[in-house]
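Hi,

Here is the model I promised to pass on. Have a look at it first, and then read my notes below.

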Amino acid sequence: AMEQPKHLWETHEHTLRRTFVFQSFLTAIDFVNAVARVSEEQHHHPNISIDYCRVNLTVNTHDAGHVVTAKDHELAAAIDRLYKGND
C-alpha cells in the first residue's frame, strides 16, 4: 500500500477525523488495539467508534481547549503508518 496522503483526515468542528475500512471485524479490532498502544506512547488518545469493519477515529487536544494541534497531526500520522499494512 502507498503512503496515505494527509487529506484523508478531515478537519471537522475542531477535530481531525478519519474512517478506516477493513476486510473483517477482527482486523478492525487488531487495528484499534495497535492504535491504543501508539496512543499510550504519545499520551494522546483518539475517540474511537467501531462499526463492524469500519473504524472511525477523531482526535483533538483537550488541554488546548479542544482544538487541533501538532499533537493531533503527529498521532494521525502514526495511525496512518499503522493502517498502511491493512490497506
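In helix 2, the buried residues are Asp72, Leu75, Ala76, Ala78, Ile79, Asp80 and Tyr83. Buried here means under 20% relative accessible area, exposed means over 50%, and partly exposed is in between, with a 1.4 Å probe and protein chains only. Bear in mind that this is a predicted model: local features need pLDDT of at least 70, side-chain atom pairs count only at pLDDT 80 or more, and totals for chains, interfaces and linings use all residues. Residues are numbered from 1 along each chain as its sequence is written, and side-chain values use heavy atoms, with hydrogens and water left out.

Back to helix 2. Its buried residues pack against strand 2, helix 1 and strand 4 (contact means heavy atoms within 4.5 Å). An α-helix has 3.6 residues a turn, so residues three or four places apart point the same way.

His73 also sits in helix 2, but counts as partly exposed because its relative accessibility is 37%. Leaving aside residues up to four places away in sequence, His73 touches Leu16 and Val68. Leu16 and His73 are 57 residues apart in sequence, with their C-alphas 8.1 Å apart in space.

Now the overall layout. There are two helices and four strands, running β-β-α-β-β-α from the N terminus on. Helices (H or I, at least four residues) and strands (E, at least two) are DSSP runs, numbered from the N terminus. Of the 87 residues, 33% count as buried. Among contacts with a separation of 6 or more, 65% come from residues 24 or more positions apart.

What about the core? The largest nonpolar core has 17 residues, and those with the most contacts inside it are Trp9, Phe20, Phe22, Phe31, Val55, Leu57 and Ile79. Strand 2 (15-21), helix 1, strand 4 (54-59) and helix 2 (70-84) each supply at least two residues of this core. By nonpolar core I mean a set of buried Ala, Val, Leu, Ile, Met, Phe, Trp, Tyr and Cys residues joined through side-chain atoms within 4.5 Å.

Then the charges: how many salt bridges does the structure hold? It holds two, taking a side-chain nitrogen of Lys or Arg within 4 Å of a carboxyl oxygen of Asp or Glu. One joins the side chains of Arg18 and Asp80 at 2.6 Å, N to O. Arg18 lies in strand 2 and Asp80 in helix 2, so this pair ties together parts that are 62 residues apart in sequence. Arg18 is buried at 6% relative accessibility, and Asp80 is buried at 4%. The other joins Glu10 and Arg17 at 3.3 Å, N to O; Glu10 is partly exposed at 44%, and so is Arg17 at 33%.

Last, the surface. Phe25, Leu26, Ile48, Ile50 and Tyr52 make a nonpolar patch of about 510 Å², to which helix 1 (25-42) and strand 3 (47-51) each give two or more residues. Such patches take residues with over 30% relative accessible area and no salt bridge, with nonpolar side chains (Val, Leu, Ile, Met, Phe, Trp, Tyr) joined within 5 Å and like charges within 9 Å. Areas come from the Shrake-Rupley method with a 1.4 Å probe, and for residues only the protein chains shown count as cover. Phe25, in helix 1, is partly exposed at 38%.

Cheers
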